[in-house]
Amino acid sequence: MTRTHHLHPFTALTAAVGAAVVTTAAASWPLSAAVAVAAAILAVRGGVAGRVLSAAAVILVPLCLSLLVLHGLFFPEGHTVLAEWGPARVTAEGLEFALELGTRTTACVLVFLLFSFTVSVPDLLSALAARRIPPQFGFVLASTLTLLPAVAGRLDRIRQAQEARGMVVRGGLLSRMGTLRLQMVPLVLALMDDAGSRAQALDARGFGNAGPRTSYRDVADSTAQRRFRAAALVLTAAAVVARLVVSWPAGVTR
Amino acid sequence: MTAATRTALRASIGSFTFHGENRPALGSAALSVTPGALTAVLGGSGSGKSTLGKLLAGWLRAGHSGEFRGSLELDGTRLEFQGAPDDPRLNPAEWSRRVAYVPQDAAAMLSTVRATVAEELAFGLENRATPRAAMLRAVERTAARVGLSGLLDRDPATLSGGELRRLAVGCAVIAEPDILILDEPLASLDGAGAAQIEALIRGLCGAGTGVVLLSQAADRLAGEATHWTVLVGGVVTAEGTPAQLAGSAELERSGVLVPVVGGRGGEPDTGDRETGVLEGGAQKTGAQKDGVAAPGPGAGTHGAVAPVMAGLELNGVSFCYGGDSRRRVGPQPVLVLQNVNLTVRPGEIVAVTGANGTGKSTLLRHFNGLLRPAAGEVRVCGRNITGVPVGTVAASVGLLFQHPRDQLFERTVLRETLFGLRELFGKAGAEGKARAALAAVGLSAAAETVHPAELPSSQQRLLALATVLAREPAVLALDEPTVGLDRTGLEHLGRAVKAAAARGTAVVMVTHDLAYARATAHRILQLDAGNLREI
Amino acid sequence: MSKPALTVPAPGQAAGRSRRLLEIAGAAAIAATYVFLVLTQPADIANGPASFSALVALGGFLLGAVLLIIAVLPVLPTSTLVLIPVALVLNVVLGQLMGSTGLPFYIDAIGTVLIGVLAGPAAGAATGALSSIVWSFFNPTVLPFAAGAALIGFLAGMAARWGLFRRFYFVPIAGFVTGIIAGVISAPIAAFVFGGTSGLGTGAIVSAFRAMGDTLLAAITKQALISDPMDKAIVFTIAALLAYALPRRTTFQFPFVRRFRVLAGKSPAAPDA
């Protein structure tokens, strides 16, 4: 936990992007699996294993199942038929393809989730601002993270208020859609109203200013981290170039 | 000397009309602000105070937010607006740095993207590229000024209402504005919170800032102002010193709340401020008699019909948060209600008071089943509501929430009131009931044309009240109904509640405005440590 | 005189031109990537998991999305910018609410379409792309679809600009067409980056086309043509209903709505839903 906090947000981000790109470029399932396992271990050591793994499971389980069924049973390009029922053919190539893509996506998802669940968002914003990334980008990111939990609470309040006005949620699809519309209108209206006054407040506080900004929050960086980032970027670029060079003729001629 | 008499801001408003609207939100109005002086703009709900404040401070800008005719003059720079495309365009950042505005909803001032109070304070300085060292000093100085020094590392989302208001003021004053416009700075603060803001305002005036107070109550703070401007329907109807205007017909007509000695406090939502409570406490018996005497007839007629079934009955109700979901992490469940017994007869008005966070709203939510008791039972018109869906109980129990906006969702005021009435009264009866309910709260004129969201907040609450009244519930439960209401609103509320009680509705209102409770209710109960007791 | 001025000059045209060039470059990057991928798609994906195509698809589409964001974001008025987080939250929350009705659609772009309708194509595109980038904080698999999301916001804005939201019956048609275009553009991402789609319903449709011998890209494109237009027709309809339900003061604060009479004549045509 403390270790990740000492990491500059860009170091973590570079590492995550580098790992994901190299994994994609390498296209080798043992490497993908190794990256996924490494990410999981880091998540455990960072104390975020529960959140990372549960979020990853929600994304990955349906995707991997879908891949397994799709390529495991229907892979017209496959030659080595293992089993066959009517139109469905289980082929070794199909299963390998599903394995390749499944592990690759798993690795990338875990790496990025590890980054987003360990990074300190205020530090990230401050670092982005220091690099003269438009402050609007950081605003959208941070404001969304603030709004999400607030909206859940607001939706609950709206539902209570409407039930108190005699709204009964019935089973039928049309009735549920109707109820939904009635809940959405106050939610959207309230959110847009709040956004309107927030825009006025932000403009008043100089958010719309062009030109340089300073940052109150000080994000620690170090030469070692800078060197690591440069090396990671070079490695990532090399992996991409290598893959493009190796596969380019194949890609075009086929 | 010269600084004190010089005019810093002078506004002369011909009209301001929001885009998409036909009627101007502001008509002819003029205002001058001098450094170091407190100026008050008084007006009822919907009088255009907030629009005026935002226009003066560059929150609403000509062309951008609406069509503005008139002029703004700041420290010798005069800008004329004709409502034409080549009008001058305000630089909001620079204008607002010098004329700052703090909205009534303090949370709207916050950027939502800063993790601590200190960073939130610094947000405006960051955007103006203030060097970090100067920023650190300014944050420290401002925090001390608004009394937030101990809270600099807190997440703004965890602040209390009073702390949030002080943070919003801090965000405005950190840029050292010449003029500070405060919109209802005391609304929904308790006595201690209000006193801190009042002291802060005095300090700012003393330091040479011109402060403009926008308020719907001519309360103690407004009384300290050197100049009052009375706003009605976006037009200035009177101005002068407090002494000239106090008790004048113009102020009377404006719907501004005027505190009455020994009666209701100036701010209905801060009724537990010292004066009101002490006065009321001394005259407790008298006030109680008065309270019963006025709405008495309604209760009396019902009392005469021998054994009346209780409209609402709570038998041994206990409730604790977290009791039903044991897996949730946190401290052990807190008992909010403890063996509460309450019987409200038809036609009776009962007020429940208690400090913030004692569970008044929790109690109210038991009446229609939004919350279910851990032990005990709730009976409405003699029927136990256990297991009955909230939407069904709602036919007999009307609940008015603190935030009326959440309860409104239709496109016109009439449609809003009509919602769900056809099932109760048939197509023919529904419209009559809806119009009668709207008439009872004084909203008939708005029925067909106005979108509920475009009503001022005071009238939104009255509309929400109308939607509840139109269903003619046996039990009417009101959660802090007086908060944010101006005098006209309070009168409509009072009349509507009395009329409902006279029809035989059992009324329970939760309020921390003890004076209002005394004036309206037959009985006052205090909720304290989970127990209800009569006072 | 060193103090910043109390007024600002009217926005000039010169700055707009370089922005426009960036926008065009972004759109061109997306279009070129798509064409390249379709022309060079590996006929025999059995030889490897399309790593080359995956990199090209990711690189090209993300480059396009980022160029669009760079072009639009700094000139977006704050009043529109603050709506992007709102749109994103609406995408997620309304998507979940709709999911609770049991309809077999994703319905995950209501907020994006709403912003496109109220604030115009450029804002819609930025909203779509930013939504994907921010949402990838919680679900990294949506990041590669940023270009498709930008396209949906852009097309919603164009539909509004052409007055299709003035008449309620045009709205689902506009959504349908948007769904076709966005679905086709996004198919290579699903095919080359993920190798398929998430979810049982869409997976079954892709499987059926694969069983008939289609290439993966063709199968996923056909699947997208089946589910996306319907999905976007629903999304556009819901967004339109929400826009009609908003008070005039809220909708008319947007210069885009005022200038192009986006919602004019809304009251007679708006049904009760």
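# Chain contacts and sheets in a predicted model

User: How many residue pairs are in polar contact between chain C and chain B, and what makes a pair count?

Analyst: Nine residue pairs are in polar contact between chain C and chain B, both residues of each at pLDDT 80 or more. A pair counts if N or O atoms lie within 3.5 Å; within protein, one must be able to donate a hydrogen and the other to accept it, and residues adjacent in sequence count only if both atoms are side-chain atoms. Helices and strands here are DSSP runs numbered from the N terminus (helices H or I, at least four residues; strands E, at least two).

User: What kind of model is this, and how are things numbered?

Analyst: This is a predicted model, where local features need pLDDT of at least 70 and side-chain atom pairs count only at pLDDT 80 or more, while totals for chains, interfaces and linings use all residues. Residues are numbered from 1 along each chain as its sequence is written, chains are lettered from A and ligands numbered from 1 in the order in which they are written, and side-chain values use heavy atoms, with hydrogens and water left out.

User: Why are C:Arg249 and B:Glu21 called a salt bridge?

Analyst: The rule asks for a side-chain nitrogen of Lys or Arg within 4 Å of a carboxyl oxygen of Asp or Glu. For C:Arg249 and B:Glu21 the N to O distance is 2.7 Å, so the pair passes. Between chain C and chain B the count is one salt bridge. Over all chains, the structure holds 41 salt bridges. The C:Arg249 pair crosses between chains, from helix α11 of chain C to the loop between β1 and β2 of chain B.

User: How do you know which residues bury the area between chain C and chain B?

Analyst: Buried area is the accessible area (1.4 Å probe) that two parts lose on being put together, summed over both. Chain C and chain B bury about 1800 Å² between them, 55% of it on carbon and sulfur atoms. Of the part that chain C buries, C:Leu6, C:Val8 and C:Arg249 supply 39%, more than any other three residues. As for contact (heavy atoms within 4.5 Å), 21 residues of chain C touch 22 residues of chain B.

User: What about chain A and chain C: how many salt bridges and polar pairs?

Analyst: The rule finds zero salt bridges there, and eight residue pairs are in polar contact, both at pLDDT 80 or more. On the chain A side, α8(A) gives the largest share, 19 residues. That side has 48 nonpolar, 12 polar and 11 charged residues. The classes go like this: Ala, Val, Leu, Ile, Met, Phe, Trp, Tyr, Cys and Pro are nonpolar, Asp, Glu, Lys and Arg are charged, and the others, Gly among them, are polar. In all, chain A and chain C bury about 6300 Å², 79% of it on carbon and sulfur atoms, with 71 residues of chain A in contact with 72 of chain C.

User: What makes β2 and β5 of chain B edge strands?

Analyst: Their open sheet has four strands in the order β2-β1-β4-β5, with antiparallel pairing. β2 (29-33) and β5 (77-82) each have a single partner strand, so one side of each is left without a neighbour in the sheet. The twist averages 15° from one strand to the next. Further in, β1 (residues 9-18) and β4 (residues 66-74) of chain B pair over nine bridges, with B:Glu73 as the bridge partner of B:Arg10.

User: Why is the pairing in the six-stranded sheet of chain B the thing to check, and which strands in it run parallel?

Analyst: The order is β7-β8-β9-β3-β10-β11, and the pairing is mixed. Strands β3 (residues 38-43) and β10 (residues 227-232) of chain B run parallel and share five bridges, so they meet the two-bridge rule. B:Ala40 stands opposite B:Trp228 in β10(B).

Conventions. Axes are lines fitted to C-alpha atoms, for helices over the stretch in contact, and angles run from 0 to 180 degrees between N-to-C directions.
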